[in-house]
Amino acid sequence: MKKSVFNIAALFLGVTAFSQNIQTVTNSKGPVLGYSADSGVKILTVGGNKFKDLNKNGKLDKYEDWRLPVDERAKDLASKMSVEQIAGLMLYSGHQSVPAPAEGFRAGKYNGKFYKESGAKAFDLTDQQKKFLKEDNLRHVLVTTVESPEIAAKWSNNIQAYIEGLGLGIPANNSTDPRHSATVTAEFNEGAGGQISLWPDGLAMGATFDPELVKKFGNIAAQEYRALGISTALSPQIDLGTEPRWYRIAYVFSESPELTADLGRGYIDGFQTTIGSKNGWGSKSVNAMVKHWPGGGPEEGGRDGHWAMGKYAVYPGNNFQNHVKPFTEGAFKLNGGTKEASAVMPYYTISFNQDTKNGENVGNGYSKYLITDLLRGKYKYDGVVCTDWLITADEPKSPGGFAGKPWGAEKLSIAERHYKVLEAGVDQFGGNNDKAPVLEAYQMGVKEHGEKAYRAKFEQSAVRLLRNFFRTGLFENPYVNTEETKKIVGNPEFMKAGYEAQVKSIVMLKNKANILPIKERKTAYIPKRYSPATFNWWGIYTGPSLEYPVDIEKVKKLFNVTDDPEKADFALVFVKSPHSEEGGYSDIDAREGGNGYVPISLQYQTYTATEAREKSIAAGDPVVAPNVHDRTFKNKTSTATNFTDLLAIENAYKAMNGKPVIVSITASKPMIFNEFEKHADAILMNFNVSNQAVVDIVTGKYEPSGLLPLQMPANMATVEKQKEDVPYDMETHKDSEGHNYDFGYGMNWSGVIKDARTQKYHK
């Protein structure tokens, strides 16, 4: 029976009606169907059941029949699609912001005008979005920043209504990078904190050593994602953190293959499982795109593959197999009914000299050996493989520039790169809104393999891609109830669960003479933190600042606060781990005749790389730096941009004159403690969670329970001597209390933690 949306909402949800002229139809023993009254889609009645006539042919096609198995529906639809439609399905959009800004790579216009001058609503579609949805047949959309959860939901509904009446009625599979982390730090968590529950992410989640907690997060996050109109998560990142200098180590779980596999499995089970479903999949499921095959962690010298300077992953310890384990033993061996992660993203890097069949050194997304021979062949993975963003675009003018990342395929044309990616066994192109080069690549395939064979190859990819639509119920009802969105996203229950998880991720490294917790109302000295001028991920400048690192008004409810150390009972100093601005490459060094490569330091003080490799393992930039045949940075010098954090600790120690100094470190990677540890009576380490959670441990409201997911090196010499692909191979810092800051180490009020977690996960 057909009902108005208002009646359905009142009957099932007890809320007001959807907006945007969306109708719903109930099935007594089947799904609720949702469709736009303006799309031209009609409802068919067959055998007492209701179905959407998406292609408007007046009959029930297999792909429209929700009673049939997913594969049967996907194969039927793929067979009906034109090559142009499949090419569009293979696209994954560039980053979309709601509403679109006037500049930058997320820019967009509304009827030819920028948002503020256009009179458009925040949830309207941009001209660019309408084009790639209609003309390029794109159906996978990456969402970043949103004005609010309600706006995000309305925008998603607008997309679905816009494309429902086009062609075969294929809906949009909207996606997001992680958006539950407490702080926005990079391009790949740009939507973080947008009025959504805030959780530990990456190393912070790893520090809990708790797969069940990660599964709980996945379940809650999936509910919030679906309420926003998002059905695919571009996560988790299960690379191993075996190279301590690597920029993206902040977003991995651990350097332990076993711990990372278990946490990744919990994460994906939580996201993909609709509770109560026979096979796990359902309308509450969110596809997980696990990354980055076959592990992007062992970057030479810690330089990252987003830039040409970091295009090589190296394996001096011959430890490639351990980096594959989180995929084969975790993401592809789920406990839940969905069985395996629905999609996989290879990393940008060239896994140097790991192609034992062809001897080819190309980016992982271009490698037939890594995709077809290993992932598809040896490990029998038949889900979607999607490239990382912009691997087919042209590279920048400098190894330190930010643009396309066609590593190993720099000299090919854009269309030839698409063809090479297809030949490697990949199904989808991340960050490409344009179907034209995919169609060019198709013609190359027809010329080499014949029309029949390449049409079959395209259909195979289409089936893989379409499964993720059918399994999550998008063909039945891709719409969300915006009133329900406001109730679900960031609700108090979810916020509380996220905050408690943040607290569980904090690691107490030192507690001399049981200084912590401080439960009495004492007087605290909290120095303001100086943040130096920086350039962010996209090279945008931010000026320096001097401000309190925590909400001082909240702290005043717990302690008396003074700016005079002489009047204080203790000091609480907030710092961040050492940060190297260059990230391993300096245009200045290159302009002055060097090779451009500089050390990434994990210490605050000026560091000279006397122990670095004499000669790099990998080298070569055939387009932008053809004369650089060695990437060594031996004897070069680097200074952390935030070296003033060390001064803050030293000055507090001096000013307190023997009174307790508590140091709280927000870390994005391992760091050298021997510069300041002796000046601290207590040390709390967190991996980008709320400083308020730190304060709640200081006061004893919560007891610390986090464990180090990574080793903390004794010095930079051991960092230089360790092997990028090998875990647990550094000398670790030993503090004044005789404790080694090793993997799995952490303290609670009783001392060093020894529990079921440390028994299960160890070196």
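This is a predicted model: local features need pLDDT of at least 70, side-chain atom pairs count only at pLDDT 80 or more; totals for chains, interfaces and linings use all residues.
Residues are numbered from 1 along each chain as its sequence is written, and side-chain values use heavy atoms, with hydrogens and water left out. Helices (H or I, at least four residues) and strands (E, at least two) are DSSP runs, numbered from the N terminus.

**Stop 1: helix 19**

Keep helix 19 selected. Colour Asp 645, Leu 646, Ile 649, Ala 652 and Met 656: these are buried. Buried means under 20% relative accessible area, exposed means over 50%, and partly exposed lies in between (1.4 Å probe, protein chains only).

Now show what covers them. The cover includes strand 18 (523-525), strand 19 (529-531), strand 24 (570-576) and strand 27 (661-666). Step just past helix 19 to Asn 657, where phi is positive, about 55°.

**Stop 2: backbone exceptions**

Most residues other than glycine have a negative phi, and most peptide bonds are trans. Asn 137 is not a glycine, yet its phi is about 60°. Asn 137 sits in the loop between helix 5 (127-134) and strand 8 (140-146). Is Asn 137 buried or exposed? Its relative accessibility is 17%, so Asn 137 counts as buried.

Move to Asn 318. Its phi is also positive, about 50°. Find Asn 318 in the loop between strand 12 (312-313) and helix 10 (320-331). Asn 318 is exposed, with a relative accessible area of 72%.

Next, the cis peptide bonds. Select Val 98 and Pro 99: a cis bond joins them, with omega about -5°. Pro 99 belongs to the loop between strand 7 (95-98) and helix 4 (115-118). Then select Lys 291 and His 292, joined by a cis bond with omega about 10°. His 292 lies in strand 11 (residues 287-293).

**Stop 3: His 733**

Go to the loop between helix 21 (716-721) and strand 29 (747-748), and pick His 733. His 733 is buried at 5% relative accessible area. Which residues does His 733 contact, leaving aside neighbours within four places in sequence? They are Phe 673, Asn 674, Glu 677, Met 712, Pro 713, Ala 714, His 739, Asn 740 and Tyr 741. Contact means heavy atoms within 4.5 Å.

**Stop 4: salt bridges**

Side chains of opposite charge can pair when their charged atoms come close. A salt bridge here is a side-chain nitrogen of Lys or Arg within 4 Å of a carboxyl oxygen of Asp or Glu. The whole structure holds 41 of them.

Start with Arg 67 and Asp 65, at 2.9 Å from N to O. Arg 67 is partly exposed, at 44%. Asp 65 is buried, at 7%.

Select Lys 154 and Glu 150 next. Their closest N and O atoms are 3.3 Å apart. The two are four residues apart in helix 6 (residues 149-164), which means about one helical turn separates them. Lys 154 counts as buried at 18%, whereas Glu 150 is partly exposed at 22%.

Then take Glu 500 and Lys 496, bridged at 2.6 Å, N to O. They too are four residues apart, in helix 16 (residues 492-504), and about one helical turn separates them. Glu 500 is partly exposed at 27%, and Lys 496 is exposed at 52%. Finish with a network: salt bridges that share partners join Asp 71, Arg 376, Asp 382, Asp 427, Arg 464 and Arg 467.

**Stop 5: nonpolar cores**

A nonpolar core is a set of buried Ala, Val, Leu, Ile, Met, Phe, Trp, Tyr and Cys residues joined through side-chain atoms within 4.5 Å. The largest has 184 residues. Select Trp 293, Leu 466, Phe 673, Phe 676 and Phe 687, which touch the most other members. Helix 8 (residues 211-228) gives the most to this core: nine residues. Last, find the second, separate core of nine residues, which includes Leu 602, Ala 609, Ile 672 and Val 719.
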